[in-house]
Amino acid sequence: METFELLTKKRKRKNRLITVGLSILAICGLYIGARMITERLISNKALAVVRTVELLESVAYPNSTTYTWSANGGDMFHGGIKGSRAKDIYGVPVYDSTYESNFSLLGGEWGGTAIDHRSGYYHDGKLLKLETNQKIPQFYNTHAQKESEGDVIAAPTQELPLIKEMENHLVEVAITFDKPYTLNDINAMIPSDLKTNWYWIGTTSKGDSSVWSAYSLFGTNAQGFTREEYVDEQAAQNALKESAKEGGQPDQEAMATKAVDAFLTNLKAVLDAPGDATYNDTRPRDDIEKYLEKFEALDITKEEDRNKLEFSGIILTGRAEDFAQLENVDWIYASSIGASIPNQPYYTLSQE
């Protein structure tokens with residue numbers, strides 16, 4: 001028969017084991033819960049970075065767009081994304097660069113400087129991209145001036161005459177106008193066998209825009225002025241749910257869409273987005289504020305209002321031989337060759 005003292009020791013040992021077991025379960029539960037919470041927070045942060053990049057791409061990064069995203073490692077407290085960009089060279093998608101952005105629960109890269117695709121090196125006075133050895137197209141400020149004695153202002157390049165030597169190539173060219181022109185004027189000025197890929201709002205500053213990073217050059221592609229949204233978002237979602245259950249087509253009346261402003265709205269949103277930059281005391285986002293002051297009252301869902309928007313430059317793409325017709329026009333202040341590729345018989349080009 002066990003003594004009272006022995007029973008007490010066994011009971012204490014049992015209670016200790018229960019306490020340890022419960023503690024381990026509690027720790028495991030806390031770990032799993034903490035991991036779920038931190039993974040959700042990291043996921044939300046990754047989504048915020050992606051949305052910021054998508055916003056910037058809608059009004060910056062001339063003729064360069066992300067075509068693929070993926071996760072880039074991470075743990076409970078850190079995460080990362082990486083993406084690849086492509087240019088549109090007369091209807092042909094051409095690799096531009098790969099980038100990454102890393103972040104933590106406490107902060108980290110938002111995706112701006114990490115996704116600066118304008119970084120490159122000068123070779124014989126030409127700005128080249130290290131990753132692809134392609135030229136970087138540059139826009140020039142017609143009012144650029146030195147802010148201080150040591151500043152260097154790049155002279156506007158005139159590279160259109162060089163294109164005739166790029167036989168059987170598809171070429172990207174940045175054109176800086178001698179002054180801002182309305183969208184209506186630009187559409188009339190550009191030959192039909194060249195494609196306008198992107199419009200630059202320009203700058204009212206005295207800064208040298210030819211050295212600005214891609215996320216500090218603001219404008220839009222031709223499809224970025226407006227976007228479509230459902231007339232009644234809730235009705236559209238309900239119609240989609242019902243059609244999914246019944247295996248049929250959603251009610252077309254509920255799926256009706258309308259055009260809404262995208263360009264000016266996105267420009268305004270960028271003012272509050274991360275990644276602001278200055279160059280020798282020049283802040284490119286100041287140009288957004290001035291542009292909105294001038295044009296925000298326009299209803300650019302209407303063609304007549306949209307055609308009143310003004311731009312100071314464009315990105316053109318086309319066959320090398322088709323650029324010759326622009327060599328002697330008086331409205332070009334500067335021309336800067338960008339990416340180029342040999343034309344191939346199996347390409348489907350924009351104007352064909």
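A polar contact is a pair of N or O atoms within 3.5 Å; within protein, one atom must be able to donate a hydrogen and the other to accept it, and residues adjacent in sequence count only if both atoms are side-chain atoms. The side chains of S216 and Y279 make such a contact, at 2.9 Å.

This is a predicted model, in which local features need pLDDT of at least 70, side-chain atom pairs count only at pLDDT 80 or more, and totals for chains, interfaces and linings use all residues. Residues are numbered from 1 along each chain as its sequence is written, and side-chain values use heavy atoms, with hydrogens and water left out.

**Around S216**

S216 sits in the loop between β8 and β9 (219-220). Helices (H or I, at least four residues) and strands (E, at least two) are DSSP runs, numbered from the N terminus. S216 is buried, with a relative accessible area of 4%. Buried means under 20% relative accessible area, exposed over 50%, and partly exposed in between (1.4 Å probe, protein chains only). Leaving aside residues up to four places away in sequence, S216 touches A277, Y279 and P284. Contact here means heavy atoms within 4.5 Å.

**Aromatic pairs**

A pair of aromatic rings is described by the distance of the centres and the angle of the planes. Rings of Phe, Tyr and Trp (its six-membered ring) pair if their centres lie within 6.5 Å; planes under 30 degrees apart count as stacked, over 60 as edge-to-face and the rest as tilted. The whole structure holds 15 aromatic pairs. Two of them are set out here.

| Pair | Centre to centre | Angle between planes | Class |
|---|---|---|---|
| F139 and W200 | 4.8 Å | 20° | stacked |
| F263 and F311 | 6.1 Å | 35° | tilted |

F139 lies in the loop between β6 (126-128) and β7 (169-182), and W200 in strand β8 (residues 195-200), so this pair ties together parts 61 residues apart in sequence. Both F139 and W200 are buried. The other pair also links distant parts of the chain: F263 is in helix α4 (residues 263-270) and F311 in strand β12 (residues 310-319), 48 residues apart. F263 is buried at 1% relative accessible area. F311 is buried at 0%.

F263 and F311 also belong to one aromatic cluster with Y199, F225, Y291 and F295.

**The nonpolar core**

In soluble globular proteins, nonpolar side chains tend to be buried together. A nonpolar core is a set of buried Ala, Val, Leu, Ile, Met, Phe, Trp, Tyr and Cys residues joined through side-chain atoms within 4.5 Å. The largest one here has 54 residues, and F263, L309 and F311 have the most contacts inside it. Elements giving two or more residues to this core include α1 (4-59), α2 (183-189) and β13 (332-342). β7 gives the most, with 6 residues.

What does F263 touch, not counting residues up to four places away in sequence? Its partners are V59, I201, G219, T220, G224, F225, Y291, I300, L309 and F311.

In α4, the buried residues include F263, L264, L267 and V270. These four cover an arc of only 120° around the axis, so they lie on the same side of α4. The arc is that of the directions from the helix axis to the C-beta atoms.

**Loop backbone**

N133 is not a glycine, yet has a positive phi of about 60°. N133 lies in the loop between β6 and β7. D281, also not a glycine, has a positive phi of about 70°. D281 is in the loop between α4 and α5 (285-295), and counts as exposed at 79% relative accessibility.
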